[in-house]
Amino acid sequence: MPILGIDYEKCINCGTCLTACPLFRRKNKNKIIFRNIQNFCNLCGHCIGKCPEDAILYEDMGEALAYEDIDKTENIADYDTVLKILRANRSIRLYKKQKVPTDFLKKVFEAMSHAPTGGNMRSERFSILSDKEKIKQLSNAVIEELLKDPQMSARYKMLFSILEKTYYSPVFFDAPHVIFVSSSLNWASVSNNIGIIITYGRLAAQALGLGTCWNGLVQVAMLNNPEIKKLAGIRGKRIGCFIIGYPDEIYHRSPPRSIKKVAGLEE
Ligand SMILES: Cc1cc2nc3c(=O)[nH]c(=O)nc-3n(C[C@H](O)[C@H](O)[C@H](O)COP(=O)(O)O)c2cc1C
Ligand code: SF4
Ligand code: SF4
């Protein structure tokens with residue numbers, strides 16, 4: 001049970017944890033106690049985050065982190081900066097040959113580990129393929145699978161034949177690494193989780209000078225033919241995939257996007 005209780009040496013009985021979670025309650029109108037009734041605790045860590053005295057006892061959950069402006073998040077990066085970061089994010093389809101140092105990849109996976117998931121379930125597993133020949137094999141299998149479908153074939157046959165002239169592994173644009181996020185849970189919400197996890201990873205990669213691109217084609221091919229997952233060494237019902245490497249292209253401006261009308265928004 002990772003939330004172990006309260007360190008009463010530190011606790012000042014302020015009651016803040018009561019606002020974080022119903023598993024904390026006042027006993028006899030005085031001392032606050034923690035009870036994990038019906039294993040309700042989903043390890044969200046809100047109690048750890050809110051306690052001003054760092055008095056919540058826990059284990060096997062990683063480490064909580066206090067840093068400047070964690071309590072005033074708008075000071076960490078202002079809106080304009082965040083928007084610039086988001087608008088700078090591009091799908092990169094031209095990569096340098098060099099591999100990404102493991103330390104950088106670890107940082108990307110670290111950021112992915114901090115993505116929120118429905119109910120804080122965290123069923124998703126991460127893996128990476130960095131072997132050029134294995135990536136090629138997977139690319140071939142994805143193309144072969146997709147072209148079996150007449151609609152896909154009509155859309156992609158010509159594109160793949162063009163890409164094959166430039167790329168050794170056209171599906172992956174010769175990126176040096178392919179990252180997978182997979183889960184054995186076949187819930188629709190897991191696909192949301194995977195999307196968010198990949199977005200965290202891609203934004204972290206951008207901050208490290210790396211380029212990335214989502215890969216939906218792999219997802220479709222693996223859904224149609226689960227055997228393809230073996231080539232990536234992954235299992236699971238729901239999967240997501242993106243490529244990562246050093247970009248060999250530069251964007252001088254953020255492309256235009258029409259701003260959506262919002263139903264119900266007051267002017
Ligand atoms: C869920 C998802 C799946 C995608 N799948 C692919 C893909 O298989 N291959 C590819 O080249 N780009 C893929 N993309 C990238 C989109 O084409 C790209 O985001 C879009 O054209 C906008 O370009 P930008 O990301 O540079 O702004 C995917 C993007 C998303 C969000
Ligand atoms: S929030 Fe922390 S200090 Fe305050 S009552 Fe709860 S455990 Fe004690
Ligand atoms: S980790 Fe979340 S669910 Fe568990 S006790 Fe703390 S606030 Fe409640």
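The following conversation takes up a predicted model and asks what lies behind some of the terms used for it.

Visitor: Why is helix H5 called roughly perpendicular to helix H8?

Guide: Helix H5, residues 132-146, and helix H8, residues 216-224, pack at an angle of about 65°, their axes being 9 Å apart. Since angles of 65 to 115 degrees count as roughly perpendicular, H5 is therefore described in that way relative to H8. The crossing in which H5 passes H8 is left-handed.

Visitor: Which residues of H5 and H8 meet?

Guide: From H5 come Val142, Glu145 and Leu146, and these meet Leu217, Val218, Val220, Ala221 and Asn224 of H8. By class, this contact of H5 with H8 holds six nonpolar residues, one polar residue and one charged residue.

Visitor: What makes the shell around ligand 3 one with no charged residues?

Guide: Around ligand 3 stand Ile3, Ala20, Cys21, Leu23, Cys41, Asn42, Leu43, Cys44, Gly45, His46 and Cys47. The charged class consists of Asp, Glu, Lys and Arg, so the shell around ligand 3 divides into eight nonpolar, three polar and no charged residues.

Visitor: Which residues come nearest to ligand 2, and how does its shell divide?

Guide: Of the 13 residues around ligand 2, Cys11, Cys14, Thr16, Cys17 and Cys51 come nearest, and the shell comprises nine nonpolar, three polar and one charged.

Visitor: Where do the bounds of domain 1 and domain 2 fall?

Guide: Domain 1 covers 3-58 and domain 2 covers 81-245, with 39 Å separating their centres, taken over C-alpha atoms.

Technical notes:
Residues numbered from 1 in each chain as written. Chains lettered and ligands numbered in written order. Predicted model: local features only at pLDDT ≥ 70, side-chain atom pairs only at ≥ 80, totals over all residues. Axes fitted to C-alpha atoms, helices over the stretch in contact; angles between N-to-C directions. Helix = DSSP H or I, 4+ residues; strand = E, 2+ residues; numbered from the N terminus. Parallel < 35°, antiparallel > 145°, perpendicular 65-115°, else oblique. Left-handed = near helix turned anticlockwise from the far one by under 90°. Contact = placed C-beta atoms within 7 Å. Near = placed C-beta within 6 Å. Domains from an automatic or database assignment.
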